[in-house]
Amino acid sequence: HVTSDLATDIIIKVGDLKFYLHKFPLLSKSNHMQKLVQKASEDNCDEINMVDFPGGPNAFEICAKFCYGMAVTLNAYNVVAARCAAEYLEMTEDVDRGNLIFKIEVFLNSSIFHSWKDSIIVLRTAKSLLPWSENLKIVGRCIDSIASKTSVDPANITWSYTYNRKLSVQDKIVGDSMKLQEKIESVPKDWWVEDICELEIDLYKRVMTAVKSKGRMDGAVIGEALKTYAVRWLPDSVDALVSGVHSWRNKLLVETIACLLPSDNGVGCSCSFLLKLLKVAVLAGIDDSSKEDLVKRISLKLHEASVKDLLIPARSPQTTLYDVGMVQSIVNQYMTQEQRSQYVEPGKSAGFVLGHGSLLSVGKLIDGYLGEIAHDPNLSLTSFIDLSCSVSELARPVHDGLYKAIDIYLKEHPSLTKAERKKICGLMDVKKLTLEASMHAAQNDRLPLRVVVQVLFFEQVKAATRAQSRNSDARTTCVSKMSPDEEWDKTMGEDCRSLKKKMSEVETNEDGGQKNSKMGKKKSRNSKSGVQLLPSRSRRIFDKLWVVGVGKGHVENRSSETSGSSQSPSSAVVVRDNTTKSSGVPSRHRRHSVS
């Protein structure tokens, strides 16, 4: 009601509220009210019902007070509704000079769009007033205002903003060298990131697109903004990600962030953040093109990932705990990029060149990942082997991590056949095991006997090499002039020829060797190799390495487990004895492959 001595002569119904007003003040400001009142008079009706009035009763009340000449208070929360309502009522300059539309536009341009936080508030309130706010270009002007302020030099920021995150490393280094007053006045490059996180997905996408189109924002800051928004809205639990209530929103969120990622070869976003997006993408079931783009970006920074980052939960109908196939795709993409970077023409840039250090990091990462997924009883042998083989040999100078993963797989899958155990152990090169890993392997009952023989043989070769290099001054002088590869080849040739008969005795006379085991054990006790700590099976094998074989008969393969060829290409040593005479047998038939 309007407090007045004159009786009201018209009723305006907006929503559930009725306004008892006078015609004259309304008709003097609103062109649309003139039309409505004229129609009501023709119908002999004193009540007007306004359906779908923008802004509802509150917005109409602002317009009605203005018509009566009352003071109205405009702010960032009600200005959009008032502007849309004034447009609906056609309160233009044609009706009365200095009308409500004009005054609201002055307020928007002189105050709202000059304020950082008010621009964000207006943009959020404009969401509920579509399409009016869009047609009046309020949304577009807010977005342009926000994007323009994000590109302002941080040194010139004078308005307030929200910043609850830790400073970036670069900003922290700069901040530590400042005085207290300078720290208070300093502004980080990503000062604007948190304030726009309250925007809904569609408006956020439009703001970020505008920010990127300015061309002044660093890719790292764009990545930080996307990460902050994802942390703000993505749930932490897997159940919440796949729940029917939020699954659609999560899917839209990931697709939006994926399309907003900076095109800087992944420099702007951390690998951990990209992998988190990929996890949500897999669980939310986004389209393949978005997932492929994420896989490509992750492959460029795979060396920064951790094993935990790679543990992507598998979706039905997969029976494994983790999506091994997705990790396989990432590694394949990484290796393709690594190989491509090696064949760049001189004078041309590869765009992204992987270093040897990153390759080693990826090898260690995949070995750790294999160790984690090896606990899964549903993981097939083929998946394990394929992922292991997808990494270059250069990425594994040491095979301790691979051996650990293989040992876990053998432990968790006791039903493997002999052939399958030999196949998985063939992934490992025993020459690349450290002393600690070799000692563990020598005592490991899960490994095939032939692998244990290999471990003991090559450890003895290494021990003999070290002993010879210490005890022979002349040889040390000679060896010092050789390259490491030449030194290894020469030493290996000499040691392998001296140990040929002993290894043949192990392969062909495993049962008959028990007769000479006492003499072997006696010699082993007198040696300085320290093998007394080995278990009985490994000690018996090690002792046989020192037993001088008797008899010159040809070697007979008694067990497929001790005489089969190794699957590891670098673990085979060909030993030839040119001094042994044969009776009509060509020398090529006297070659024994000792692995």
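**Helix pairs and a strand pair in a predicted model**

Visitor: Which residues of α4 and α5 meet?
Guide: V79, A82, R83, A86 and E87 in α4 meet L100, I101, I104, E105, F107 and L108 in α5. Contact means heavy atoms within 4.5 Å.

Visitor: What classes of residue are in the contact of α4 with α5?
Guide: Eight are nonpolar, none polar and three charged. Ala, Val, Leu, Ile, Met, Phe, Trp, Tyr, Cys and Pro count as nonpolar, Asp, Glu, Lys and Arg as charged, and the others, Gly among them, as polar.

Visitor: Before we go on, what am I looking at?
Guide: A predicted model, where local features need pLDDT of at least 70, side-chain atom pairs count only at pLDDT 80 or more, and totals for chains, interfaces and linings use all residues. Residues are numbered from 1 along each chain as its sequence is written, and side-chain values use heavy atoms, with hydrogens and water left out.

Visitor: At what angle do α4 and α5 pack?
Guide: About 150°, with the axes of α4 (residues 79–88) and α5 (residues 100–110) 9 Å apart. Axes are lines fitted to C-alpha atoms, for helices over the stretch in contact, and angles run from 0 to 180 degrees between N-to-C directions. The two helices are therefore roughly antiparallel. Angles under 35 degrees count as roughly parallel, over 145 as roughly antiparallel, 65 to 115 as roughly perpendicular and the rest as oblique.

Visitor: And α16 with α18, what angle there?
Guide: About 55°, axes 8 Å apart. That makes α16 and α18 oblique to each other. α16 covers residues 288–300 and α18 residues 324–341.

Visitor: Which residues of α16 and α18 meet?
Guide: K291, V295, K296, I298, S299 and L300 in α16 meet M326, S329, I330, Q333, Y334 and Q337 in α18. By class, this contact has six nonpolar, four polar and two charged residues.

Visitor: Switching to strands. What joins β1 to β3?
Guide: Four bridges, and the strands run parallel. Two strands pair if DSSP finds at least two bridges between them. V14 stands opposite M50 in β3.

Visitor: Which β3 residues are on the covered face?
Guide: I48 and M50. The uncovered face has E47 and N49.

Visitor: Overall, how many helices and strands?
Guide: The protein has 30 helices and five strands. Helices (H or I, at least four residues) and strands (E, at least two) are DSSP runs, numbered from the N terminus.

Visitor: How much of the protein is buried?
Guide: Buried residues make up 45% of the 595. Buried means under 20% relative accessible area, exposed over 50%, partly exposed in between (1.4 Å probe, protein chains only).
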